[in-house]
Amino acid sequence: MTSTLSERSLKHAALFQPGRIGQMSLKNRFVQSPIFTQYAEVDGYAGPRLIEYFRQRARGGAGLLITENTSVDWQVGRTVGHPIRIDHDRYRSGLADLVEAVHNEGAKIAVQLHHTGRQNSQGNTEGNVPPIAPTAGITSAFGTPPRAIEIEEIPGLIDMYAQGARRAKEVGFDAVELHGAHGYLLGQFLSPKTNKRTDAYGGSLENRARFALEVVRAVREQVGPDYPVMYRLSVEEPYEGGLSLEDGLAFCQMLEEYVDALDVSAGNYDTADVLLPMVPPGNLLHYAKEVKKRVSVPVIGVGRLVWLLDELNDDVAAGELDFVAMGRAGLADPTIVEKTRRGATSNIRRCLAVNECISRWMFNGQHTQCVINPALSQEKRAAEARRPAVLAKRVLIVGAGPAGCEAAILAADRGHEVTLVERAQEIGGQLRAWAAAEVLNKEITTFIEFYRAELQRTGVDVRLGTEVTQADMDAYDAVFLATGTESAGSPQGAIDAVQMLADRRAPEAQELTVHGDTETAMFAALWLAEQGRKVTLSSPSADVGLDTNDMQRNHLKGLLAVRNVTIVTDQAAPAGGTVVWAQDRRASDVLAAAVDGERVRTIGTRFRGGRMYEATQSGFWAAAEV
């Protein structure tokens, strides 16, 4: 007997109950939290790319969307790059278009009012002037020494927030959120680490809270008593001299009189290890629950929550939390809420938290991308790619790694008859190697299961443990070879790291060397250490993990240190002992003679090199052309 939609939704019934933030009614308890995308135009105007990004997330079912850090001071207070801006009336038309797009999809939208303060660089300011902060000279993890804000400047700064709120209300935003979290200007005044002032805005908690409270009151005066005002804060800065949890909770109680909800996080960019690397799901949730004990206004929780939907449902039902926010998870899959409502949680692309989105793209001034969602930042083009094909074809895809799976799923969704052939006994390709070490086991295993669920949903004929010959290919109208890469240049007798990890077969030797400067080398060394081996990671370069982002590299280094892996750099290939090779790879040449660039094509890393991002991009967009 087939279950009904309402029956499938019962598992997460509390999350789909309507909620309220002040006078704003929301259809469920899901919030798309702010993520800096750089999808605004270079001058901060809300243009088509940004609007399509939000339209898709509104269509995906979240009750409330919150814009990324929207600048109230473009001159010295904007995030590096080109965020949205709301510091002048000339940007109203784009913001109004954004609001209308979200409303047309049945969701509400709030604008996040933002000022960087010291977390900025002089080169990012208009006129190449120093950034500003409560106290001069205290730099952040990035940026240049700020100058101190003069006391006579404070009313002008407060008015920037107030005028931003006025514009937000006038163009139709349903609420405003003041960004006092993660070490930005409002939080800098609150923190004893960054506020060394001796005037009325420094010293005691009451004085350090003065600036933020004056901003909130000025915003309230502009928008009136019934317009929803939210406040995002880091309730603790977990480093020496930072904001204590006790003071953070006391500040929440100060805010309660003036705001309609508290959006609770922790830390700043000097303590990014609590925010961004592969922290455990829900690592920040206890902060929201502590705040909820102290205040009567709704509380929003954050922190890789897509992995904890069952637990969160219980938390909301018990009144320990009011709303569930998802940030990077919404980059990976804009339809999380709708899939959860339908009971299709196996079909969710769950964020891996490898931070390519932030460290590879966002921090380098590029449009934010996602290694597992090829449609991110190209939502309109992707919607066109998913349209039914004019002529249904028989499509063969050889290789069931990320590229092959992406191509098979999209081709089948478009109405083609798709056969996916894999010579191994399971799908996943090199993803199976990524899943070996504990650090990514749950995430990658779940991602492979996502592909399995999607292949089943779309009716792809999956054939495992099967080799393909050139003769087999003749029966198909289109053939994609997604066979990836293979080891190259390894010394005689060396063990291929990727194959070892995929097979989960450790060498018998108790002491061995992993050679390579790649992320794969780090995974191999980590997994072998987990198996009780004494491991040396030998890099031919001056560092390791050169093909991954800084955050992931540093995170893996920390895990290797815990496992007592010795790292040596600038090394030649080992001449003796047991060697695991994790260095050079080349494109697979399986069925190379059949490739004609038209009916038979190569895709994925075999075609364009790279890693998971290149594989998912290539597979998806290749299938769009069939």
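Helices (H or I, at least four residues) and strands (E, at least two) are DSSP runs, numbered from the N terminus. The model is predicted, so local features need pLDDT of at least 70 and side-chain atom pairs count only at pLDDT 80 or more, while totals for chains, interfaces and linings use all residues. Residues are numbered from 1 along each chain as its sequence is written, and side-chain values use heavy atoms, with hydrogens and water left out.

UniProt, in an unreviewed entry, lists residues 377–485 for "domain: FAD/NAD(P)-binding"; such annotations may be inferred rather than shown by experiment. Over residues 377–485 the chain is 43% helix and 18% strand, and the end C-alpha atoms lie 27 Å apart.

An open sheet of five strands runs in the order 15-14-13-16-24 with parallel pairing, where two strands pair if DSSP finds at least two bridges between them. Each edge strand, listed here, pairs on one side only.

| Edge strand | Residues |
|---|---|
| strand 15 | 461–464 |
| strand 24 | 600–602 |

Strand 13 (residues 394–398) and strand 14 (residues 417–422) pair in the parallel sense over five bridges, and I397 stands opposite L420 in strand 14.

Helix 8 (residues 245–255) and helix 9 (residues 285–294) pack at about 50 degrees, their axes 9 Å apart. Axes are lines fitted to C-alpha atoms, for helices over the stretch in contact, and angles run from 0 to 180 degrees between N-to-C directions. Helix 8 is therefore oblique to helix 9 (under 35 degrees is roughly parallel, over 145 roughly antiparallel, 65 to 115 roughly perpendicular, the rest oblique).
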